[in-house]
Amino acid sequence: MHPADFAPLAWNAAREHLDLFGTLGLCLGFAGGMMPRRSLILLTSAACSACFALHFLRLGAQTGTAMCLVSVMQSVVAARWIGPDSRAPWVAPLFVASSLLALCLTLATWNGWPSACAGLGSLLATTARLQANKQSMRRVFLGASSCWVIHNMLVGSVFGLTCDLLTITALVIALVRGTAKPAVAVRPAAPLPGAA
């Protein structure tokens, strides 16, 4: 076999794993962790989840698809109606109902460990979205992303796995950046009385 023959062979092996929605989800997942404001984190997360719902549907990962669809709704609601100082009174019951829906969908689409990881990741992400503080939200999203790492390894989603690893990296960077104490400006000492 000639080395030039490897290019078409490699393309044929890789093209089934190339997925526009997986690619978009990957980019949005990384960008979401780095967003400066809570609402932008959540809206980017909603777009990411919509892309991964289509990606997981293509892979046949039904629980992952269902959890991503619940995530889209929760992220949009959390971005709009949960703030640092207030929360619409109907948000908590909606999140409880959507969590119960996620549980039912996890059981209805049960596929062993992938379903367990997707369900737990969804539960942790729901908890994250209810946080009014962006740093608290990022901490809980770290746990959710860790569950999704295992799910994506089990269902064979290269895009999902890469996205979650990048998301974890972005969340850690944002957490460190957010907790780093700003440098204190040192003012020059006032001259002593009587000094010329």
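The legends below accompany close-up views of one predicted model.

**Figure 1. The chain as a whole is built from helices, with 8 helices and 0 strands in its secondary structure.** Followed along the sequence of this predicted model, the elements of the chain give the pattern α-α-α-α-α-α-α-α. The chain has 196 residues, and buried residues make up 38% of them.

Figure 2. Two helices, α2 (20-34) and α3 (38-59), each supply at least two residues of the nonpolar patch, and the helix that gives the most is α2, with 3 residues.

**Figure 3. The largest cavity of the model holds about 440 Å³ of space.** The count for the model comes to 2 cavities of 30 Å³ or more. In the view of the largest cavity, the residues that lie nearest its centre are Ser45, Cys48, Ser49, Ser145 and Asp164, and they belong to a lining of 28 residues. Two or more residues of this lining come from each of the elements α2, α3, α4 (62-81), α6 (113-129), α7 (134-155) and α8 (158-179).

**Figure 4. The lining of the largest cavity is shown by class of residue, with 13 nonpolar, 13 polar and 2 charged residues.** Among the helices that contribute to this lining, α3 gives the most, with 7 residues. Helix α3 also supplies at least two residues of the nonpolar surface patch, as does α2, and both of these helices are listed among the elements that give two or more residues to the lining of the largest cavity.

**Figure 5. Leu42, a residue of helix α3, is shown together with Gly32.** Leu42 has a relative accessibility of 0% and so counts as buried, because the limit for that class is under 20%. Along the sequence, Leu42 and Gly32 are 10 residues apart, while in space the distance between them, taken from C-alpha to C-alpha, is 7.3 Å.

Notes: Residues numbered from 1 in each chain as written. Predicted model: local features only at pLDDT ≥ 70, side-chain atom pairs only at ≥ 80, totals over all residues. Heavy atoms only, no water. Helix = DSSP H or I, 4+ residues; strand = E, 2+ residues; numbered from the N terminus. 1 Å grid on protein atoms, 1.4 Å probe; cavity = no way out; pocket = protein on both sides within 12 Å on 5 of 7 lines; lining within 4 Å. Points joined across faces, edges and corners; volume = space filled by probe spheres on them. Nonpolar A, V, L, I, M, F, W, Y, C, P; charged D, E, K, R; others polar. Buried < 20%, exposed > 50% of the residue type's maximum accessible area, 1.4 Å probe, protein only.
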